[in-house]
Amino acid sequence: MAPGDEFYLTAFYQLSSCRQVGGDLPGSIPWDKIVQYADRRQLDPDVARAFEHIMQAMDEGYLQWYQKRQKALMPKPIKVGKP
């Protein structure tokens, strides 16, 4: 792990608890929660902007992974009829 990775991983884990959950897929982490997290940690404005982008990119990657995982876990249809 590179220096600073732990900060981003911890932030992502904590911010994931702010997701709206409904239907089959979890929602994105709300942008305002990311901004509040950066403010609470007193990140400099330039660092806060980078933090927003990093959290959004991590979130997008997670949501894509989750969707693929759910699709792979779905039962396969049973073929009926002639072989």
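Some ground rules. This is a predicted model, where local features need pLDDT of at least 70, side-chain atom pairs count only at pLDDT 80 or more, and totals for chains, interfaces and linings use all residues. Residues are numbered from 1 along each chain as its sequence is written, and side-chain values use heavy atoms, with hydrogens and water left out.

Now the parts list. The protein has three helices and two strands. Helices here are DSSP runs of H or I with at least four residues, strands are runs of E with at least two, and both are numbered from the N terminus. Reading from the N terminus, the order is α-β-β-α-α.

Next, the overall shape. The C-alpha atoms fill a box of roughly 65 × 30 × 15 Å, taken along the principal axes. The radius of gyration is 18 Å, while a compact globule of 83 residues would have one near 12 Å. That radius is taken over C-alpha atoms, and the globule rule is 2.2 Å times the number of residues to the power 0.38. Of the 83 residues, 20% count as buried. Buried means under 20% relative accessible area, exposed means over 50%, and partly exposed is in between, using a 1.4 Å probe and protein chains only. What about contacts along the chain? Contact means heavy atoms within 4.5 Å. Among contacts between residues at least 6 apart in sequence, 56% join residues at least 24 apart.

Now the helix pairs. Axes are lines fitted to C-alpha atoms, for helices over the stretch in contact, and angles run from 0 to 180 degrees between N-to-C directions.

First pair: α1 and α2. Helix α1 covers residues 5–16, and helix α2 covers residues 31–40. Their axes come within 11 Å and cross at roughly 135 degrees. The two are therefore oblique to each other. The cut-offs: under 35 degrees is roughly parallel, over 145 roughly antiparallel, 65 to 115 roughly perpendicular, and the rest oblique. The crossing of α1 and α2 is right-handed. A crossing is right-handed if the near helix is turned clockwise from the far one by less than a right angle, and left-handed if anticlockwise. Which residues of α1 and α2 meet? Phe7, Thr10, Ala11, Gln14 and Leu15 in α1 touch Lys33, Ile34 and Tyr37 in α2. By class, that contact has five nonpolar, two polar and one charged. Nonpolar covers Ala, Val, Leu, Ile, Met, Phe, Trp, Tyr, Cys and Pro; charged covers Asp, Glu, Lys and Arg; the others, Gly among them, are polar.

Helix α3 spans 45–73. α2 and α3 pack at about 140 degrees, with their axes 10 Å apart. They too are therefore oblique, and their crossing is right-handed. On the α2 side we have Trp31, Ile34, Val35, Tyr37 and Ala38, and on the α3 side Ala48, Phe51, Glu52, Met55 and Gln56. This contact has eight nonpolar, one polar and one charged residues.

Phe7, Tyr8, Leu9, Ala11, Phe12 and Leu15 come from α1, and Phe51, Ile54, Met55, Met58, Asp59 and Tyr62 from α3. The tally is 11 nonpolar, no polar and one charged.

So, back to Tyr62. Buried or exposed? At 27% relative accessibility, Tyr62 counts as partly exposed. Leaving aside neighbours within four places in sequence, Tyr62 is in contact with Phe12, Arg19 and Pro26. Pro26 lies in strand β2, residues 25–26. Pro26 is buried, with a relative accessible area of 16%. Beyond its neighbours within four places, Pro26 is in contact with Arg19, Gln20, Tyr62, Leu63 and Tyr66.

Gln42 lies in the loop between α2 and α3. Gln42 has a positive phi of about 55 degrees although it is not a glycine. At 69% relative accessibility, Gln42 counts as exposed. Asp46 is found in helix α3, and at 56% Asp46 is exposed as well. How far apart are the C-alpha atoms of Asp46 and Asp24? They are separated by 36 Å, with the two residues 22 apart along the chain.
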